[in-house]
Structures are given as structure tokens and as C-alpha cells.
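Thanks for coming. Please have a look at the structure on the screen, and I will go through it piece by piece.

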Amino acid sequence: RASNLQGYAPICLGLEDFYIRRLYLRIQDCFGRPIASAPDAWFDVVERYSNDNNKTLKRTTKKSRCLNLGSYNYLGFAASDEYCTPRAIESLKRFSPSTCSARVDGGTTTLHTELEECVANFVQKPAAIVFGMGYVTNSAILPVLMGKGGLIISDSLNHNSIVNGARGSGATIRVFQHNTPSHLEKVLREQIADGQPRTHRPWKKIIVVVEGIYSMEGELCKLPEIVAICKKYKAYVYLDEAHSIGAVGKSGRGVCELLGVDTADVDIMMGTFTKSFGSCGGYIAGSKELIQYLKYTCPAHLYATSISPPAAQQIISSIKVILGEDGTSRGAQKLARIRENSNFFRSELQKMGFEVLGDNDSPVMPIMLYNPAKIPAFSRECLKQNVAVVTVAFPATPLLLARARICISASHTKEDLVKALEVISRVGDLVGIKYFPAEPNKQ
Ligand code: PMP
């Protein structure tokens with residue numbers, strides 16, 4: 001499995017990366033067309049269609065309409081929704097597009113307080129604080145929680161916003177092998193002084209940072225094991241649920257619900273509103289004391305303009321739909337749909353002979369391309385056949401582990417997915433990325 005090869009991705013972009021970057025450019029040269037100058041291989045400027053839940057994109061230069069297999073629109077709440085959209089429009093009229101103020105300077109409307117209560121209730125924590133951007137939520141919160149004398153132990157494949165937040169905090173950073181609890185335990189044991197496993201000396205505090213679903217891997221976090229280790233060594237758990245909140249779990253409550261972890265055992269729950277909720281912004285949920293502390297001290301709360309009111313309304317409304325509080329069963333249907341769609345798509349790709357990373361139930365599905373030179377070819381050929389996929393490569397992934405990253409949505413129909421599978425299969429043969437024998441009749 002590709003993910004086994006990844007080992008320790010360095011958390012700091014250091015000298016090695018400089019040389020890897022040079023090597024990457026040389027590889028591109030060897031294979032002909034440099035990757036960065038293949039304009040027909042990428043998404044260009046796109047327009048959306050208003051009534052199809054962000055399912056298709058119109059490429060403005062090519063005038064073609066593509067099935068969108070790259071958006072994080074997991075539940076199909078982006079674009080128009082019969083419950084959310086009229087309410088967002090109403091809030092635009094009532095509160096305007098922006099508060100033009102920080103939270104403490106008149107930028108807290110009734111929608112902001114309602115949103116924080118709604119999020120806390122949804123993720124099952126006593127309190128929550130919201131921010132205008134998911135990225136900033138990680139990069140601004142970690143420096144508030146941690147500082148010199150603290151230790152952050154971070155999964156080797158954590159998102160860049162976590163990496164930057166950790167670096168900016170001034171705390172010592174150690175990286176553990178991706179999603180490997182035994183290695184986390186080894187790192188913890190090494191960092192705790194004099195064989196006294198129940199103390200944190202010489203650290204003031206230790207935070208272990210993981211993600212619910214890894215965005216480049218499609219893998220579910222081994223949260224039950226990680227939580228048990230953190231309890232044993234008295235380390236705090238920080239969980240980024242950008243890709244899992246709203247997308248997995250019986251009632252959409254994320255990986256804790258899916259994997260049977262008590263939310264009381266996760267100290268800091270972070271998530272974004274840019275995926276399952278079709279909005280923007282991010283949240284931190286935790287104890288009342290933690291949230292109060294962040295409200296008094298976090299610069300991104302004190303000095304940044306608060307989240308846009310229509311965006312806040314969109315989140316409140318989509319959570320209501322997910323929980324069935326709109327008086328329909330649409331939320332439950334969406335959750336069932338994304339699970340069925342994801343499991344169907346993943347198993348069909350595997351039967352065709354692709355190497356697909358990630359776990360069942362995860363809507364994130366990386367198809368391994370490995371060779372960076374295959375990236376533009378795969379993307380271009382899919383686009384030509386009106387399927388838009390996102391490809392990812394170094395530095396977002398290790399150099400020789402390039403991949404196409406498919407994101408499945410509840411708004412995709414079975415027909416959409418079958419059509420996309422036919423295209424991907426043809427392109428897979430053309431580009432040579434079916435690394436396993438196909439099952440009969442699945443060419
Ligand atoms: N955390 C993770 C794990 C992410 O994948 C992302 C972005 N996709 C973010 C945080 C930042 O979120 P946003 O795009 O909402 O700013």
C-alpha cells in the first residue's frame with residue numbers, strides 16, 4: 001500500500017525539500033511537457049449551474065460542462081438547497097453580507113451566538129467558537145493553546161494549516177508516522193522524562209493533533225487507539241474534522257460517532273464549514289472554560305471580522321436539515337446517499353484494477369498515479385470526456401506518490417457515478433494506472 005511508503009513526511013519544509021523540488025522539476029523535464037505549463041490539463045475558470053447542487057462545472061474557456069468529482073460538497077448543500085438558500089438570502093437582507101466588525105466590536109449578531117450553540121450541540125461538546133475561515137482556525141488556535149515549553153505531536157500527514165499553526169506556536173514539534181498509534185506511543189514514551197510515564201515532565205503540556213479523515217489519503221483516523229494512548233500518557237487530543245464532520249456517522253456527527261469514541265475524550269474538536277455544510281468558516285468545540293479562554297485571548301476572534309451572516313445562516317440551516325429539524329428526512333437520506341455512493345464508487349474502482357487509498361464510508365478517494373508525469377495526462381483526458389477530477393502531487397504528497405483525488409457527494413446520482421467510472425476506466429487504460437488485475441467484466 002502506498003501509504004506504507006510514506007513514513008515520516010518532514011513537518012518542516014527544510015533543505016531536503018529544496019532538493020526534492022529541484023528533482024521534481026527534472027522529472028517533469030524528462031517526461032516532456034512541464035507539469036505547470038499544461039493549461040488544458042487543469043480546471044480553468046469555472047461557472048456553476050444554479051440548480052444542480054454544484055454537481056457540474058462549466059469551464060468558461062472550453063464551454064464544456066463537466067461532472068464535478070473534485071468538490072468537498074459532500075452533502076450537496078453547496079449552491080441551491082430548498083431549505084438553506086431562502087434562509088441565507090433572508091439573512092443577507094436582514095444582516096448584510098458582512099458585519100464589518102470583529103466579534104468583540106459589534107460583530108456578534110444573534111446569528112453568531114445561535115451558530116455557536118448549534119455547533120456545540122451538533123458535535124456534542126459544552127461550547128464552541130466560530131471563525132471566518134477554516135484554515136485560520138487551525139493556524140490561529142494552536143499558537144494560543146501552545147507555546148514554548150509545550151509539545152505538539154502531529155500526524156505526519158496533517159494539513160498545512162495545522163503544520164503552520166504548530167510552527168507558529170513556538171512549541172516543540174514531533175511528528176509520528178501517519179495514523180500509526182504504536183509509533184505515537186513510542187514518540188510519547190521518548191518525550192516523557194526519566195521513565196515516569198504518568199508525568200509530562202519536562203513538558204508543560206502535550207497535544208496530539210490528528211484528522212478525522214485525511215484529505216489526501218481518504219483514511220479514517222485510528223481514533224479509538226489514539227485516544228486510549230493519549231489518556232494513558234495524559235496528552236490532550238486535538239481532532240480536525242474538516243472532512244468528516246457532517247460526512248460520516250449515523251447522524252453526521254463525524255468520526256467519534258462512526259468509530260464509537262466518546263466526545264468527552266477528545267479535548268479540542270476542530271472542523272470547517274466549507275465541506276459538508278456548503279458554507280465557509282471553521283469552529284473549535286470543547287469545554288466551557290476552553291472556549292471562554294479562546295474568546296478572551298485568540299487574536300483571530302478579537303481582531304478579525306466575524307463570519308459573514310449569510311454563511312452563518314447557511315451552516316445553521318444545513319445542520320437543521322442533517323438533524324431532521326426542517327421537518328423532513330432529507331438529512332438522513334443525504335447521509336445514506338453519501339455512504340452508498342462512496343462505497344459503490346470505491347469498490348467499482350478497485351474491481352477495475354485501480355489502487356485506491358482510504359477506507360470504506362470515506363467520501364475521499366485517492367486513485368494512485370505515482371509518477372508525476374501521469375498527472376496532466378490523467379486530468380486532461382478526464383476533462384476531455386467531461387469529468388473534472390483534482391490531481392495532487394508534491395509538495396501536498398510525497399514526490400513519487402502523485403494521485404487523483406476523487407470526492408464523492410450525496411448529490412451525485414448512480415447514473416453520474418456509472419458514467420464517471422466508464423470515463424475513468426478508459427483513461428486509466430490509456431495512462432497506464434491500473435496496477436492490479438481487473439475483475440472479469442470490469443474493464
Ligand atoms: N483542515 C483540513 C484537514 C483541511 O483539509 C482544510 C482544507 N481543505 C482545512 C483545515 C482548511 O479549511 P478551509 O478550506 O475551510 O479554510
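Which residue of S14 is the bridge partner of Val392? In S14, that partner is Arg403. Val392 belongs to strand S13 (390-392), and S13 is joined to strand S14 (residues 402-407) by three bridges, with the two strands running antiparallel. Strands here are DSSP runs of E with at least two residues, and helices are DSSP runs of H or I with at least four, both numbered from the N terminus. Two strands pair if DSSP finds at least two bridges between them.

Before going on, the ground rules. Residues are numbered from 1 along each chain as its sequence is written. This is a predicted model, in which local features need pLDDT of at least 70, side-chain atom pairs count only at pLDDT 80 or more, and totals for chains, interfaces and linings use all residues.

On confidence: pLDDT is the predictor's confidence in each residue, from 0 to 100. Its mean over the protein is 89, and 85% of the residues reach 70 or more. Residues 1-15 have pLDDT below 50, and beyond near neighbours in sequence this stretch has 26 contacts in the model. A contact means that the C-beta atoms of two residues, placed from the backbone, lie within 7 Å. Residues 32-36 also stay under 50, with eight contacts beyond four places in sequence. For the complex, the predictor gives an ipTM of 0.99 and a pTM of 0.90.

Now the overall content. The protein has 15 helices and 14 strands. Of its 443 residues, 48% count as buried, where buried means 20 or more other C-beta atoms within 10 Å of the residue's own, exposed means 12 or fewer, and partly exposed lies in between, with C-beta atoms placed from the backbone. Among contacts between residues at least 6 apart in sequence, 71% join residues at least 24 apart.

Next, the seven-stranded sheet. This sheet is open, its order is S4-S10-S9-S8-S7-S5-S6, and its pairing is mixed. Strand S4 (127-131) and strand S6 (172-176) are the edges, each pairing on one side only. From one strand to the next the twist averages 20°; axes are lines fitted to C-alpha atoms, for helices over the stretch in contact, and angles run from 0 to 180 degrees between N-to-C directions. Helix H4 (residues 110-123) packs on the sheet and touches S4, S9 and S10, with its direction at about 125° to that of S4. Helix H6 (residues 160-169) lies across strand S5 (151-155), S6, strand S7 (206-211) and S8, at about 165° to S5.

Strand S9 (residues 268-272) deserves a stop. Is S9 mostly covered or mostly open? S9 is mostly covered, with five of its five residues buried. In a regular strand the side chains alternate between the two faces of the sheet. In S9, Ile268, Met270 and Thr272 are on one side, Met269 and Gly271 are on the other, and all of them are buried. Strand S8 (residues 236-240) pairs with S9 in the parallel sense over three bridges, and Leu239 has Met269 as its bridge partner. With strand S10 (residues 282-286), S9 pairs in the antiparallel sense over four bridges; there, Met270 is partnered by Ile284.

Thr272 comes up again at the ligand. The ligand is surrounded by 14 residues, and the closest are Gly134, Tyr135, Ala242, Thr272 and Thr274; a residue counts as near if its C-beta atom, placed from the backbone, lies within 6 Å. Helix H5 (residues 134-145) gives the largest share of this shell, three residues. By class the shell has three nonpolar, nine polar and two charged residues. Ala, Val, Leu, Ile, Met, Phe, Trp, Tyr, Cys and Pro count as nonpolar, Asp, Glu, Lys and Arg as charged, and the others, Gly among them, as polar.

Last, back to where we began. S13 and S14 sit in an open antiparallel sheet of three strands, ordered S11-S14-S13. Its edges are strand S11 (364-370) and S13, and the twist averages 30° from one strand to the next. Helix H14 (residues 374-384) is mostly covered, with eight of its eleven residues buried, including Phe378 and Leu383. The buried residues of H14 pack against S11, S13 and S14, among others. After H14 comes Asn386, with a positive phi near 65°.
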